[in-house]
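Here are my notes on this one, for you to read beside the model. Tell me where you would look next.

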Amino acid sequence: MSQSRLKSCIPLPIDHKMLVSVIEKAKDWALMHGVGMRDKKHFNKDVIQIAPFVLLPSPFPRTEFNRAVELQPILNELMHKVAHDDEFLEKTLQNALQVDEFTANLFDIWVKVREEGITQSLSFGLFRSDYLMQRDGNRIKQVEFNTIASSFGALTSHLPAMSRYILRQLGHGDLIKNMPENRALSGLCTGITDAYDLFGVPSAVVLFVVEEVSYNICDQRFHEFEISEKRPDIMIYRKTLNEIYEETRLNEKKQLILEDRPVAVVYYRSGYEPAQYPTTKEWDARLRVEKSSAIKCPSIHYQLAGTKKVQQALAAPGVLEKFMGAGATTGRVRDIFAGLYSLDFDENGERAVDMALADAERFVLKPQREGGGNNVYGADIRDALLRMRHSRERAAYILMERILPPLVAGYVVRPGAAVPPPITDLVSELGIFGVIIGTKDKIYCNKQVGHMLRTKLADANEGGVAAGLGALDSPYLLDM
């Protein structure tokens, strides 16, 4: 399966002496502007190193970038409707719940809260829809829709300024006009403050749910700094799920009380994978938060709506029409879907298994997981499907058509790596951030707020920056 190629924004290779000099400048710029992360191998809270980044902005078709931006509010509303359709979620997830303990635990919390009576009718989403370009015409295809802990809005807000600096240092300042502004950080933070204001209790606080150890600390802290600067009246706390279990309570109004103050907004930067719930305390804490009057980002049904099984179900004939009606907008959304197939134990599931066994390279096998590093590729798909062909475990996965984006040559700068790095073939994934706040019947806020570009080596299957596989990037828009 051959891949097309896009030209780098400037001719390569860059002169060796110039390249070494500009990389040193770029690394210092990154460190001094917070484009950094903590070192996973040698963790030290007092030390920040550069986050991996691509030296030059990567080419991306302007029409496709604009299409992704324009679709984001439409997708926000679609996922909002899906999350509030109890019957659809239950039917879609029923087979996965039997074999996926993590999703089943989330679903159990959702059921308990509904049975007890939902205290907070407002849901709040900081979403990100991710895309790769498909080789046929370089049209965008959706990789996934993230409804929890959608990261890198803060760091990638700094990337355009960094790329502009680098291009000027290389004598190509005339190219800056082709780089879109990115205000993801301010847009996401405004979503948090808007939700806070809707809660309507001046003494309330905002709670960030974080991991025991936060490696992606700059991306998280910039949200706090931005809110503190714009809204000094809002106090922000960072707590793990275990600390929430130990330090919070529900009062008679079902307010979540932390240090004698009600919590207005709970923003999850953790809680999206099984390892983040090592004991029953973490699950009890999640249930307590969900029962409370705090506005959750995301609410439990938003998180369930973001599962891969729901993504696959939305691509089935007639399902989009159920939520969006028949029309041009529905067609525009359907056009971004790659081939998505259920692996349930029915005729369609058996057909999908046969397709994957016949030509595994055409597909990706995806479980109900967030955070990167969980997908299965190539020959491993055959092994996985042969192992679980007659096991209910396979219902916890979906099969997705593999997207083959165009290649572009470039330099990836990593902490501790040799300078200069070699020219390598890269592929880029575009993420568009969205904010939505609303009840089942009324939407108060729905907008697109920014973007990120994450780039990886062309021969790498996964591309998560936090997982050490990808690099931060910025788009250079092409008129094609």
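1. A word on charges before anything else: Lys and Arg count as positive and Asp and Glu as negative, while His and the chain ends are not counted. On that basis the protein has 59 positive and 62 negative charges, and their mean positions are 3 Å apart. Keep in mind throughout that this is a predicted model.

2. Overall build. I get 15 helices and 22 strands in the protein. The radius of gyration is 22 Å, which agrees with the value near 23 Å that a compact globule of 480 residues would have. Along the principal axes, the C-alpha atoms fill a box of roughly 70 × 55 × 45 Å.

3. Of the 480 residues, 59% are buried. The exposed surface comes to about 19,500 Å², with carbon and sulfur atoms supplying 49% of it. As for how the chain meets itself, take the contacts between residues at least 6 apart in sequence: 75% of these join residues at least 24 apart.

4. Which residues of α15 (379-388) are buried? They are I381, A384, L385 and M388. Looking down the axis of α15, you find these buried residues within an arc of 95°, so they line one face of the helix.

5. Still on α15, the face turned away from the buried side carries D383, L386 and R387, which are exposed.

6. Now D335, in helix α13 (residues 328-335). Its relative accessible area is 30%, so D335 counts as partly exposed. Leaving aside neighbours within four places in sequence, D335 is in contact with R67, R139, I140 and K141. Take K141 from that list: D335 and K141 are 194 residues apart in sequence, yet their C-alpha atoms are 7.8 Å apart in space.

7. P262 sits in strand β11 (residues 261-268). Buried or exposed? P262 is buried, because its relative accessible area of 9% falls under the 20% cut-off. Beyond its neighbours within four places in sequence, P262 is in contact with V201, S203, A204, V205, Q255, L256 and I257.

8. Two cis peptide bonds to check. One runs from C297 to P298, with omega near 5°, and P298 is in the loop between β12 (295-297) and α10 (300-305). Another joins V419 and P420, with omega about 0°; P420 is in the loop between β18 (412-413) and β19 (424-438).

9. A149 has phi near 55° and is found in the loop between β6 (139-146) and α5 (153-169). With a relative accessible area of 16%, A149 is buried. E259 has a phi of about 50° and lies in the loop between β10 (256-258) and β11. E259 is partly exposed, at a relative accessible area of 47%.

Terms used:
Residues numbered from 1 in each chain as written. Predicted model: local features only at pLDDT ≥ 70, side-chain atom pairs only at ≥ 80, totals over all residues. Heavy atoms only, no water. Helix = DSSP H or I, 4+ residues; strand = E, 2+ residues; numbered from the N terminus. Rg over C-alpha atoms; globule rule 2.2 N^0.38 Å. Buried < 20%, exposed > 50% of the residue type's maximum accessible area, 1.4 Å probe, protein only. Contact = heavy atoms within 4.5 Å. Areas by Shrake-Rupley, 256 points an atom, 1.4 Å probe, with all protein chains shown as cover. Charge placed at Lys NZ, Arg CZ, Asp CG, Glu CD. Arc of directions from axis to C-beta.
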